[in-house]
Amino acid sequence: MKRSVVLAGFLSVLLTFSFFMAVPVRAQETIKIGFFAPITGPAAADGMSAKHAVELGLKEVNDAGGIKGKKVELIIYDDRLNPQEAVAIANKLIEKDKVVGVVSGSYSGPTRVTAPIFQKAGMPMVAGYAVHPDVTWDPVQKKPNDFIFRNGFLGEVEGAAAAEFAVKNLKAKKISIISMDNDFGRAISSGFAARAEKLGSTILTKQMYKFPGEKDFRPYLTRIKEGNPDLIFAAGYYNEAASIVRQAKELGITSQILGEEGFDSPKFLEIAGPAAEGVIIATNLDRDDPRPLVQNFLKNYKKAYGEDADMVGASSYDAFMILVKAIEKAGTDPKAIQKALLETKDYNGLTGKISRFVQGEVVKPVQIQVVKEGKFRRMAVIDNPEVITPPLKQ
Amino acid sequence: MLIQQLTNGIAIGSVYALISLGLTMVYGILKILHVAHAGVYALGAYIGLFSFRLVGDFWLSLLFGMAGSALAGYLIEHFLYTPLLHLPRIAPLIVSIGLFTAMEEAFRIVAGPHTIAYNATVGLGDLSIGPFRLTETQILILLVTFIILIFLWAFLTKSRTGLAMRACAQDAETTSSFGVNVKAIIAINFLIGSAMAGAAGVLIGVYDNQVWPTMGSIPAYKALAIVVLGGLGNIPGTVLASIVVGLVETFFIGVLAIPFPRDAVAFVAMVLVLMFKPYGLLGKA
């Protein structure tokens with residue numbers, strides 16, 4: 001007993017000592033950026049994609065000499081898609097790790113609970129692909145979280161862009177909607193329905209399914225089949241998306257299926273198999289974009305991790321690079337970084353040209369991709385400003 | 001399209017039946033709530049999946065899944081439940097819950113957190129009559145469930161072992177005094193119940209084309225509700241309750257289009273049955 005107390009005391013002294021020794025030296029040498037993603041748990045495939053892509057970005061930055069000669073250090077946390085976990089991570093990043101800025105490679109749930117913490121601490125955060133409005137908006141005080149920026153689309157914007165394509169390009173008149181019942185599903189399907197109806201199409205049925213949990217979509221799809229729609233707009237993440245697409249095919253449904261960025265994962269293609277062929281999605285990455293930035297990323301990602309990059313990875317990469325650019329421009333003072341982010345103009349991103357941020361929301365074209373021979377390929381780009389400019393929150 | 005919804009409901013109800021039967025049989029004979037049964041179900045799906053990857057034949061993978069689950073069920077009975085039978089029934093229940101959680105974590109560690117596609121070709125083909133479509137996987141589920149139920153019925157009513165098993169469920173002590181080896185009967189009970197759960201795991205693996213670590217968590221409590229609905233320990237009642245739950249869920253979603261969470265159906269039904277018919281759908285006081 002006594003000996004262990006002595007030992008513990010000795011160890012803690014040693015630890016404290018090494019802590020004081022280490023911190024000043026490292027703080028001078030590196031610029032710390034925080035990062036969190038659901039690396040394990042139900043969204044692990046997306047979490048890993050985000051982590052891989054950001055690590056690729058980190059390597060590029062450091063290989064090119066870092067930021068003004070200083071190496072960038074990434075502090076990575078796994079939020080397991082758990083908001084409580086994310087709160088602890090946010091506090092740790094601010095107090096213990098003393099990062100200069102944060103990148104979210106996570107979903108809306110964990111990202112939106114961290115937003116007020118970073119906002120209060122005056123710590124800039126760029127979210128890769130979290131879609132909930134309250135990431136960039138304080139719903140209590142009804143004002144923007146002006147330290148938080150988002151590289152992905154608002155659910156409403158992406159939904160509206162999908163509807164624009166469905167009605168104007170695919171000439172869909174009768175449409176059925178099947179959507180997961182969560183923030184993202186509700187936002188994107190209401191954005192879709194509003195735009196589709198404004199353009200003169202009819203929504204035959206609108207069904208919500210429980211997420212997570214639903215696996216058997218046959219009852220929903222059988223009901224959709226009765227109405228024989230021109231198009232089915234389906235909102236969900238890759239597992240549910242694959243089930244919907246596969247089961248629709250099994251039931252002999254021939255209507256065009258239009259999905260969203262939740263489909264944009266190699267897992268979707270794997271689980272849906274041949275049924276994925278011809279499925280169209282609205283998303284945030286154009287794999288056939290000829291810019292070397294995009295093609296090099298896709299090539300390097302494949303080389304490093306042995307699988308194709310997806311929307312989640314590309315969006316997180318962009319979020320990281322946007323933050324790095326701002327630090328390059330403004331230094332390591334969080335307030336100055338925020339100012340640089342606010343002044344972002346015509347930034348040449350992997351996921352498209354970002355013209356600016358409005359209330360923290362990105363303004364850039366929405367990509368329409370189609371599955372051809374088991375791969376996502378370019379089909380169209382929606383750049384109608386009426387559709388892609390995020391509605392002002394108030 | 002009512003007939004299509006009917007098929008959808010009976011198909012999912014059949015899978016519920018395969019899972020719930022093992023649970024009700026175990027309760028009938030040991031009076032233990034075997035929560036880890038849902039872990040045995042998920043194990044069957046994983047064994048089926050990996051053996052399909054190895055041998056490339058769906059039917060063999062179904063057999064492997066059933067055999068692996070049967071073995072797992074037997075081991076659980078032999079090493080966990082039997083030594084605890086002298087304790088109040090809360091003890092094996094706690095063990096069962098702990099084991100179920102441990103199994104889910106074990107699946108995650110061994111096979112990874114991702115959903116894995118089964119991607120099996122069964123070789124049965126679809127059946128189309130006009131707009132109505134009996135899909136290959138639905139034919140598979142109906143066929144396999146039908147064969148298993150016939151086997152179970154024949155076993156329980158025509159064989160001496162089956163007779164002994166039913167006798168044990170009524171009164172194990174008296175049955176034992178007639179020279180029946182109750183231990184062996186309990187083991188057989190677990191082997192059969194777990195093999196059925198394994199079959200259900202493989203069938204769902206193919207029906208959803210997905211196998212994932214927590215696939216047992218919804219069946220774990222839904223099967224419990226179904227078993228109560230069927231009258232604890234009542235085999236025909238459990239089959240009926242499963243089909244009813246599958247049909248009601250499907251009709252709520254697909255016909256009435258009521259946004260009522262599917263997994264609540266079994267529980268609402270359970271509460272109603274407990275209030276008005278406490279011995280289950282087919283039960284007699």
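Predicted model: local features only at pLDDT ≥ 70, side-chain atom pairs only at ≥ 80, totals over all residues.
Residues are numbered from 1 along each chain as its sequence is written, and chains are lettered from A and ligands numbered from 1 in the order in which they are written.

Chain A contains 13 helices and 18 strands, where helices (H or I, at least four residues) and strands (E, at least two) are DSSP runs numbered from the N terminus. Its radius of gyration, taken over C-alpha atoms, is 22 Å; this is close to the 21 Å that the globule rule (2.2 Å times the number of residues to the power 0.38) gives for 394 residues, so chain A is as compact as a globular protein of that length. The C-alpha trace of chain A spans about 75 × 55 × 45 Å along its principal axes. Of the 394 residues, 55% count as buried; a residue is buried if 20 or more other C-beta atoms lie within 10 Å of its own, exposed if 12 or fewer, and partly exposed in between, with C-beta atoms placed from the backbone. Contacts are defined by C-beta atoms, placed from the backbone, that lie within 7 Å. Among contacts in chain A between residues at least 6 apart in sequence, 72% join residues at least 24 apart.

Strand E1 (residues 30-37) of chain A has six of its eight residues buried, so it is largely enclosed by the rest of the structure. E1(A) pairs in the parallel sense with strand E2 (residues 71-78) of chain A over eight bridges, pairing being assigned if DSSP finds at least two bridges between two strands. Within this pair, A:Gly34 has A:Ile75 of E2(A) as its bridge partner. Together with helix H2 (residues 44-63) of chain A, E1(A) and E2(A) make a right-handed β-α-β unit; a crossover is right-handed if, with the strands pointing away from the viewer, the path from the first strand over the helix to the second runs clockwise. E1(A) also pairs in the parallel sense with strand E3 (residues 101-104) of chain A, over four bridges, and A:Phe35 has A:Val103 of E3(A) as its bridge partner.

An open sheet of seven strands in chain A has the order E9-E8-E10-E11-E12-E17-E18, with mixed pairing. Strand E9 (202-209) and strand E18 (375-382) of chain A stand at the edges with a single partner strand each, so one side of each is left without a neighbour in the sheet. From one strand to the next the twist averages 25 degrees, with axes given by lines fitted to C-alpha atoms (for helices over the stretch in contact) and angles running from 0 to 180 degrees between N-to-C directions. E8(A) and E9(A) are joined in the parallel sense over seven bridges, and A:Ser176 stands opposite A:Thr205 in E9(A). The chain passes from E8(A) to E9(A) through helix H6 (residues 183-198) of chain A in a right-handed β-α-β crossover. Parallel pairing over three bridges also links strand E10 (residues 231-235) and strand E11 (residues 256-259) of chain A, where A:Phe233 has A:Leu258 of E11(A) as its bridge partner. Helix H8 (residues 238-250) of chain A lies across strand E8 (174-180), E10 and E11 of chain A, and runs at about 175 degrees to E11(A).

Chain B comprises eleven helices and two strands, arranged along the sequence as α-α-α-α-β-β-α-α-α-α-α-α-α. The radius of gyration of chain B is 19 Å, close to the 19 Å given by the globule rule for 285 residues, so chain B is as compact as a globular protein of that length. Its C-alpha atoms fill a box of roughly 60 × 45 × 35 Å along the principal axes, and 52% of its 285 residues count as buried. In chain B, residues 24 or more positions apart account for 76% of the contacts with a separation of 6 or more.

B:Tyr16 is placed in helix H1 of chain B and, with 26 C-beta neighbours inside 10 Å, counts as buried. Beyond its neighbours within four places in sequence, B:Tyr16 is in contact with B:Lys222, B:Ala223, B:Ile226, B:Ser242, B:Val245 and B:Gly246.

Between the chains, 25 residues of chain B are in contact with 28 residues of chain A. Helix H1 (2-30), helix H10 (235-254) and helix H11 (262-276) of chain B each supply at least two residues of the side of chain B that touches chain A, and the largest share, four residues, comes from H1(B). The residues on this side of chain B divide into nine nonpolar, twelve polar and four charged, with Ala, Val, Leu, Ile, Met, Phe, Trp, Tyr, Cys and Pro counted as nonpolar, Asp, Glu, Lys and Arg as charged, and the others, Gly among them, as polar.

Definitions and conventions. Contact = placed C-beta atoms within 7 Å.
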